[in-house]
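Please look over the sequence and the structure shown here before reading the report that follows.

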Amino acid sequence: MISNELGPRRIAELVQGDRVHKNLYLSEELFAIEQRELFGNTWSFLGHASQIAQSGDFFTVEIAGQSLIVLRDEAGEIRVLHNRCAHKGAQLLTAESGRLKGRFVRCPYHAWSYRLDGALLSYPLRSGYENTGLKACESGRGLAPVAGLHVYRDFIFARLNPGGPAFHEYFGDVLPMIDLMVDRSPVGRLEVAGGVLRNVVHCNWKLYLENVNDSVHPVSTHESAVRAAQAVARDHQPDPMPLALEQILPFGEKYEFFEGMGGKVFPNGHSISGTRFSVHSGYGNLGQYVQDLQAAHGEERARQVLEQAPQNTVLYPSLALKGSPQTIRVIRPIAVDRTVIEAWNFRTVGGPEMLLDRALSYSRLIFSPMSVVAHDDLHLFESQQKGLRSGPNEWVSLHREHDPRELDDPTRETSGTSELLMRNQYRAWAKFMTMNMKDE
Amino acid sequence: MSVAACVDLIYREAFLLDDGRYEEWLKLFAATGRYWVPLSKSQDEGDSQLSIADEDMNLLRLRIERLASGRAHSQQPPSSMQHVLQQPMLIEQDADASEYTFRTAFTYAECRGDDVLALHGHYVHRLVRDGEQFHIRLKRVNLVNAASRLPMIQLFP
């Protein structure tokens, strides 16, 4: 069992080559360290630039228990500030999103106000601060920006700790998967649209995230939803096949399909499932859009963009993309046994509105709190959270297709069903948990 | 007379669900019936907006088929539900008395094992005359907290 001194060596021992310790999912102490270290040292997805299209637009978001303001300043630059008044810590903005009334942010409590770059602008009773230490201390400096900020093709990412890898070093060769998604637009631009679905799941966030690239579970987990969909298709023979059934029925593919669809891992926990094909490959009826895309990007790139529709891409640890339908899931850990999952969708600017409708339909059917597909997933994650407490076995098996040589090559092709897709997440977990820790 | 028949239908709809009589419940809907849980009260039909659920008769059948199959993992243990309705209020009727729209405040409890989920809001029922009877053309469920973080909702608020 874990002692009170969780240093880098003990944490690293929890992740073995082919299995991980159950305390990764159960320990409150590890969760607290994760918030500070793992989510401090890695790059988290905050939101999309289209949510703050105009100067003065903002949204608020919580990463690793820290409230952040994401705003667009007068010059059109995106800035991310800690949402904590430099005076007494009140949140400056508590709305989910909105537009500022002037070129400053004012605290509703004692009226301290800040420029959009966070600098302290004014505060009442100024003479009372003469000959005090205010100006020389943290509070005099105003609102702290996040340590790292990078906007990649309108996807906004931040890193909370000053230590940790640079953006491109961190995501590396998985970034072209964002390009693939954005280039589905002939003008290379996506817009968040249609609202957001929010689920709270009573499980550790890693149980959810490792499932994103788990292609072995649909056969057994989703049996009830698939059989019911098959029964409706058989008994009522709808013609044409409704979009909804077209989106649910492929969950009934066999193990061989999922194995053959291919996977790929990248350094730092990122991965793709469905490198060759996926349940999303068959979406058709694109019409004029195909020509528009060829005219914009050239035939070769248009073909690439349309043909590659992986099941999921994981940008560890907070984001899962589906290029087609254009949907993302955002993973927000709340407590060791509580996770919020959000589903966001994109309008493909310059593309047919049908692409958005397809994304909205998919999100509703698969990621809604009322989804009959998700119910069996979420039930099982919550069941794992309870089951893991039981019995003498303290380990979770990740042995499928394990090969010690996989460590030689951090970027690696796999079958669609290899548990390397998960082992790779936990190797990154151990790395970013411990990278800023002193030796014991 | 028609208004009284419609009010009966709205109450009956809730108690058929509470008793798990799904096949009878389905028969209350018109062939073009729709069960809709939008993300926001201001959402209009046909908007490109997300919904928590938006079910035509095929999708309702799918849901019921799954619940009846005994294979749904998330229904072990099974969920049960209780609707509590306020008096339905007529808010619109068309000139030839063939379509009526009612608004009904509700609370809804869904229980599974030791967990109880409580949801609140109001329904909008659009009911259409079909000979002597009325059928549900639309049951719209406006939750007060549809955009909040929600746990699994497995049955039918």
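## Helix H9 of chain A

In this predicted model, Gln237(A) comes directly after H9(A) and has a positive phi, near 40 degrees. Helices (H or I, at least four residues) and strands (E, at least two) are DSSP runs, numbered from the N terminus. Helix H9 covers residues 223-236 of chain A, which is 14 residues, and its first and last C-alpha atoms are 20 Å apart, close to the 20 Å expected at 1.5 Å a residue, where the expected span of a helix is 1.5 Å times one less than its number of residues.

Ser224(A), Ala225(A), Val226(A), Ala228(A), Ala229(A) and Val232(A) are buried in H9(A); a residue counts as buried if 20 or more other C-beta atoms lie within 10 Å of its own, as exposed if 12 or fewer do, and as partly exposed in between, with C-beta atoms placed from the backbone. The buried residues of H9(A) pack against helix H10 (243-248) and helix H15 (372-387) of chain A, and also against H3 of chain B.

## How the model is described

Residues are numbered from 1 along each chain as its sequence is written, while chains are lettered from A and ligands numbered from 1 in the order in which they are written. Because this is a predicted model, local features need pLDDT of at least 70 and side-chain atom pairs count only at pLDDT 80 or more, whereas totals for chains, interfaces and linings use all residues.

## Chain A as a whole

Chain A has 16 helices and 21 strands. Its radius of gyration is 23 Å, close to the 22 Å that the globule rule gives for 440 residues, so chain A is as compact as a globular protein of that length; the radius is taken over C-alpha atoms, and the rule is 2.2 Å times the number of residues to the power 0.38. Along its principal axes the C-alpha trace of chain A spans about 80 × 60 × 40 Å, and 46% of the 440 residues in chain A are buried.

## Where chain B meets chain A

Contact is made between 29 residues of chain B and 38 residues of chain A, two residues being in contact if their C-beta atoms, placed from the backbone, lie within 7 Å. On the side of chain B that touches chain A, the elements giving two or more residues are S2 and helix H3 (57-69) of chain B, and the largest share, eight residues, comes from H3(B).

Five of the five residues of strand S2 (residues 51-55) of chain B are buried, so this strand is largely enclosed by the rest of the structure.
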